[in-house]
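Please open the model in your viewer and keep a selection panel at hand. The stops below can be followed in order.

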There are 2 protein chains.
Amino acid sequence: MLQLHNGEAQVMLDTPGFIEVTPTADIKVTRHGNRAKCLQRLIRMGLPVPQTVALPFRTVRDIADGKMPDLATLISLFDGQPMLLSLRSSSETADWGGPNAVLNIGMNDKAHAWLSNTLGDVAADKLYLRFIRSFAIDVMRLDEEPFLEAQTPLEAREIFEAEVDDPFPQAITDQLAAVLRSMARAWEGTSARLLRQAQGAPADAGLGLVVQRMAQGMGPGQSGSGIVQFVNPNTGEPQVTGRYLGQAMGRDALIDRDKAIYLTRDARGPSLQDLLPEVYRELLEVGEACRKRLREEMQVEFTIDQGRLAILDAVRCPREARASVAIAASLARDGVIPRSEALLRVAPGTLSHLLHRQIDPRAKRTVLVRGIAASPGAAVGKIVFDSAAAQASQSRDEACILVRRETTPDDVRGMHAAQAVLTERGGSTSHAAVIARGLGLPCVTGATGLRISGTKRRVTLPDGTILREGDEITVDGSSGEVLAGAVATQEPAIDGAFGDLMKWSDDVRDIGVRANADTVADATLSRTFGVDGIGLCRTEHMFFDSGRLTVMREMIFAETPSDRAAALERLLPMQRDDFTELFQLMSGLPVCIRLLDPPLHEFLPSENEGIRALAEALDRPLSEVKARIEAMQEYNPMLGMRGVRLGIALPEIYEMQARAIFEATVAARAAGAQTMPEIMIPLVTARREVELVKRRIDAIATAVREETGQDFDYRVGVMVETPRAALRAGEIAETSAFLSFGTNDLTQMTYGLSRDDAGRFMSAYVNEGVYPEDPFRTLDVDGVGELLLLGAQRGRKARANVTLALCGEHGGNPESIAFCRLAGFDYVSCSPFRVPVAKLAAAQATLLGGPKGGHPAD
Amino acid sequence: MLQLHNGEAQVMLDTPGFIEVTPTADIKVTRHGNRAKCLQRLIRMGLPVPQTVALPFRTVRDIADGKMPDLATLISLFDGQPMLLSLRSSSETADWGGPNAVLNIGMNDKAHAWLSNTLGDVAADKLYLRFIRSFAIDVMRLDEEPFLEAQTPLEAREIFEAEVDDPFPQAITDQLAAVLRSMARAWEGTSARLLRQAQGAPADAGLGLVVQRMAQGMGPGQSGSGIVQFVNPNTGEPQVTGRYLGQAMGRDALIDRDKAIYLTRDARGPSLQDLLPEVYRELLEVGEACRKRLREEMQVEFTIDQGRLAILDAVRCPREARASVAIAASLARDGVIPRSEALLRVAPGTLSHLLHRQIDPRAKRTVLVRGIAASPGAAVGKIVFDSAAAQASQSRDEACILVRRETTPDDVRGMHAAQAVLTERGGSTSHAAVIARGLGLPCVTGATGLRISGTKRRVTLPDGTILREGDEITVDGSSGEVLAGAVATQEPAIDGAFGDLMKWSDDVRDIGVRANADTVADATLSRTFGVDGIGLCRTEHMFFDSGRLTVMREMIFAETPSDRAAALERLLPMQRDDFTELFQLMSGLPVCIRLLDPPLHEFLPSENEGIRALAEALDRPLSEVKARIEAMQEYNPMLGMRGVRLGIALPEIYEMQARAIFEATVAARAAGAQTMPEIMIPLVTARREVELVKRRIDAIATAVREETGQDFDYRVGVMVETPRAALRAGEIAETSAFLSFGTNDLTQMTYGLSRDDAGRFMSAYVNEGVYPEDPFRTLDVDGVGELLLLGAQRGRKARANVTLALCGEHGGNPESIAFCRLAGFDYVSCSPFRVPVAKLAAAQATLLGGPKGGHPAD
């Protein structure tokens, strides 16, 4: 006899190990899986579901261990002639997967003969051949090629019997036992386990199975099978879509698309609506019932057996990001689900996809090179190799893509002018990536196969192809792919559903969301997304404008305080205008401005041409300018003369900035704006630094009040980005109105790891599990997180009303937001394009995260 | 009447406010000051001390506030004709200073007449003129010039009366009140307060005063005054030194050196021993009595009044570093003080001066430029500008001084060959400073006035003078001065007293002291100083040897693991030999070896010549080698691909090092050494890093055991130098036998401050009080210290027997050692030349620091 049991003795279970799915049966998702429960719901709704039996997780585990339920009794529950059954998986969550369905279990010579009589030879042969193929390939794991070549059941049987040296099993119990065992063991396989764990399944996730009487879509009259869904899977708009195929079963209608027909009557040809208007109407009712009773848009698998509708299965309708937002919002608007549930149904990251132009899913993609998906969205443009060329392109109204080995602050103006950025080096937290996300610019980094020659103005692809300046490419920052030519793209989808979700998030959340916004464009975008203010306005970018950069450089090269003051005098009105515009735009909301942070050498030219231009502007010998630039270089700029250290060494700079802020406050108020400036001191390590800088700021405020006769309020606080500032947050809070944790730098220092240099090994580190996640993407709760908690506790203890915030890149990360909320933070601040994500994540954290500030003290 | 009271009403104290110093009087250092107490002790010893009255701190404070004691009663305590008194300050500690003494209070017209009769006109005029000058200048703060020009008391009185428009005060009570008030107020002055606070005085330190009857050193017969001490102030050897001047008082003998005579009979001329052999013998007895009863070598101020000795004062004998060690040891050896007290009497830092050659204090110094005293000791040599020239000098047996703008790892071999290092840039914790201290090489850094041109082989001094390669200079790393030509120097003083102190320290201390030793020379020196083991052997320096550097570079440039393995195969025997020699030398003591730490690009050449040589050695095009070197550069090398990150990315390197360590262990044992290797993993941030590296090390150990048939023990631990490692010390300790805190890097990361870049502003930061101390010199107890405590607590909690250590530069800092001891650390490790300092500091901490591990938990 065929060794279907692999030589193991057949052991029977003590309990039946299965249960018939009836409206009152005790079926549970956590015991029988999602599909079994869904089928019970459909049955309860009175839908024509064929008879179904569910095997719980325990039974399937027993089967994998060699213990089989009493299959004779199981089969005796079913009626029907011939006795044909389907077996489908039913895991706890559809995302966790499961083995493919096996149909027509029970097909044997006898059933073949019976079906030949009733359906005809062609249909009977087709069914039998199909079953033997499926049994041989999916269950017995035989080589598939000969079976796909076989054209008749007889041929297939002969191949089978030659391969296994035993007759094809005829008893339905033997067939069922073999299928059950195969599915149970497949679930336990390593790759299946890894795949489902990647979807969040626990290590001991169970598999349920569903045995269902086959509803034949083959036979006389109108018979066939199909799939229907009631919304557009791309947009979520109401729309009946799907396919129907006569004389077919299972998902044939989707596989054999050429022969399948559409469901709805339109110009494309015959439709189910034409063919069987009654059944079509019935299907619409099924959809409506599902939506109301199952509270979800479902994809329904149906069979028509001689004109009679049977519902075999219904699963959550698959959907693109945009549709998932639209469906959740629509269900809530219609009162099917509460708004809070709509908020919980959308993964926050989904929203990112709505904010950017995307590659049209139907477009043809020719991948030139792959890199890291560093900033989402897609853009088409001509290759340029430096900022000057990008700006020239922009002035010609030509879209361009900035291609660099890596970017430096010098490239920021080029990024402003480009449609996307592509770099050979760097990771998802490199300079290019961070700036691009801030600008909402698609960006691919770490495209390591490229060889870029800026001087020769060409880039060599991994396959040796050479692209030159002006050649057109498409950058897909969502997938990390660079595509040949101009690929079609789709508009962003900031529509009504999106707006509803944002509004409902605002109603729910108990932690603020501000934006990191340096420019008027950033601020405008932030207001569009309804932020609670600006949490981080980096003033350094304001000095990279070409007109200002020269003055900035003169200031840096000043040899006396009075020369420096003269240069700053010229920068003052520019800064004041920046802030005035910002304050007017953000009227009514707080704006937190960080005083100058980067080392001054970042403002100096690094290339010969720039140095020569500077020497001319300064009217100094080239050699001297070169020597001074060289003398300003630092071994570790991240750990050098920057932040508050600048403020203490060259107090005139911060004094100019404070004056610009206060004068802008007065000007914006005069223009009718409500302005509440906050001044943030970067890179603090000790209270005394804050005292020294704050004293000077207060003096400037007094002076401006006297000069203008206007009173105004302002707050001075600290950016906590060194471990020491977090540890000493208590004493620092005594002179600080707010503590805003800059988790980018804090992570760098806690790990002793530069974001710019980590790119070379971070992915290997994460892949090998050295770090569970890239700590620059996901807040390191154990290390950096402890410093946040310590800092928050100590800050609040010293000053009960101190404002606590997070303003690093992590501010847009849902897990980090939940962490900050539990730590009692007042707000997070993130790049404008992450604001919608952050707001939704904040709402979800509020709904699910327990009491605010409830982080267990350690 | 003369407004001596500045117009204030004279208020009297309720209590007497003074006390006569008698053997039984209640005189306390904390109430009357150090001098009052010392005088009481001299009186108790029966020495001829003139009658003395002490004013306590409270009285002097009251005087400053305008309340005067009853001076008539005070004066009535004294007998004598004429009534002349001296007034001296008596602060709690001699180092805290105090106003200068005022002598001969009571001089007036009447006393002048009386003295003219008894001593003659000349002596009487001299005394009166002197007092008027002193009263006018020191007490009344009149312009000194006219008084110094006045030649008679009459002239001086006229000038005085013209200036103040009042007669010179005649009443002794008026004179005394004025002097008291002047001294009391001077003590409260800002500059006096700052000066004494710099010496460690508390803000409310008090001043006592001592009123003493003048013992006249002027008059008939042998009269005069002098100073005597009984040890050589440079060496501490017994030797009577001092001066005596006839017809003089106070410290005249020291001021008027030309006229003063020596005390002891020798070839230099007349001596006190010749003149008054009895008095000389008496003085020797006074010295011996002071040594025994005051338990100290004293400097005694004496007067001879008509052949009769009077002892006016005795202070702790001033002494150079070497003498202070010799005196403490000698007192303990003679049983005058216990050994523990000898240990406490020597400031640990003092020992540094004994270990190095010093500039002869008698030599003439012509300072060329001043910088930071970065590594102690003095050396003479010819200027060289690079490592090659230094090595060439060495091969010619010519002493040389390496002069660089700043040093890089490339310069280490030049430092090995040089006698001293001078750099234009950098602070006390720059690369040059750290390496120089490690090598025991005198070093001056931050000599900012220099302009060094390595290509022109010359250095321009601040005054424009040009020195060329080969010119001889002297570097004084103890003072930070660079001197012209070859200045005479003295040998180090590691003598018997030093050895005794070291031995006594070992007997007392309860915290280990190991050395940071990379080379055989370091290790030999460490054994000389009696270390407890090697706490940090940095293996990177082993690869800078020119023969190895090439192989190292081939390893770095290897394109395949097998090429890399081949290069490592060649490095293996070299490393093995290094370790074998080290293990033999350190037999019986633990040796902790740190696996490779620096980024690999540190091993690559940065100059064209070196790159060309490398390209030739590798047989690759220059452009390719250049491009690869460039590609390896990092933005922030301190935060880059180094430490354990290398070990994980390129496991072959650590595997080679582990194999070298284990094979060396077997070899050293075969040669009879007792070896206990410890392997330290650098720059750890997470437990998983330790697990991965430790697993590979264990596998190598198993392999070596099998290959050699020898068993051996070893320990694997972690260098805690990132804030995260300190925070996660609990889980890291689970797989680590020891946690050694590398406070150099830990400080850099806690502050976000690179040691190399901090030099530019650290001194300004400390001067402005932003940081109380340079945290790279003195452990930042509040910030970095908290991480040490947290790490220690968590490490010990997870693994009770985990070894805790500190191996940064702070390991040689007394305050840090005391801190580590309280934190329960097992040992500190410091550069060999700091070992004596650390051992003495450890002993002092044990004697004074309370129970070990007794740091208050927070």
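Begin by selecting A:F662, A:L739, A:F825, B:F662, B:L739, B:L788 and B:F825, which, of the 280 residues in the largest nonpolar core, touch the most other members. A nonpolar core here is a set of buried Ala, Val, Leu, Ile, Met, Phe, Trp, Tyr and Cys residues joined through side-chain atoms within 4.5 Å, where buried means under 20% relative accessible area, exposed over 50% and partly exposed in between, with a 1.4 Å probe and protein chains only. This is a predicted model, in which local features need pLDDT of at least 70 and side-chain atom pairs count only at pLDDT 80 or more, while totals for chains, interfaces and linings use all residues. Residues are numbered from 1 along each chain as its sequence is written, chains are lettered from A and ligands numbered from 1 in the order in which they are written, and side-chain values use heavy atoms, with hydrogens and water left out.

Next, centre on A:F662, which, leaving aside its neighbours within four places in sequence, is in contact (heavy atoms within 4.5 Å) with A:I679, A:I697, A:I700, A:A701, A:V704, A:F712 and A:Y714.

Move to chain B and select B:T747, found in helix α31 (residues 743-751); helices (H or I, at least four residues) and strands (E, at least two) are DSSP runs, numbered from the N terminus. B:T747 is buried, its relative accessible area being 0%, and its side chain reaches the backbone oxygen of B:T743 at 2.6 Å. Not counting residues up to four places away in sequence, B:T747 touches B:P775, B:F776, B:V784 and B:H810.

Now select helix α34 (residues 814-822) of chain B, whose buried residues are B:S816, B:I817, B:F819, B:C820 and B:R821. Show around them α33 (784-798), β31 (803-806), β32 (827-830) and α35 (835-848) of chain B, against which those buried residues pack. At the start of α34(B), a side-chain oxygen of B:N813 reaches to within 3.0 Å of the backbone nitrogen of B:E815, and α34(B) is followed by B:G824, whose phi is positive, near 80°.

For the sheet, colour the strands of chain B in the order β2-β3-β7-β5-β6, an open sheet of five strands with antiparallel pairing; two strands pair if DSSP finds at least two bridges between them. Its edge strands are β2 (19-20) and β6 (102-105) of chain B, each pairing on one side only. Within it, β3 (residues 52-55) and β7 (residues 207-213) of chain B pair over four bridges, and B:A54 has B:V210 as its bridge partner in β7(B).

Finally, show both chains: 100% of the interface residues of chain A are also interface residues in chain B, so the copies meet through the same surface.

Definitions and conventions:
Polar contact = N/O pair within 3.5 Å; in protein donor to acceptor, adjacent residues only side chain to side chain.
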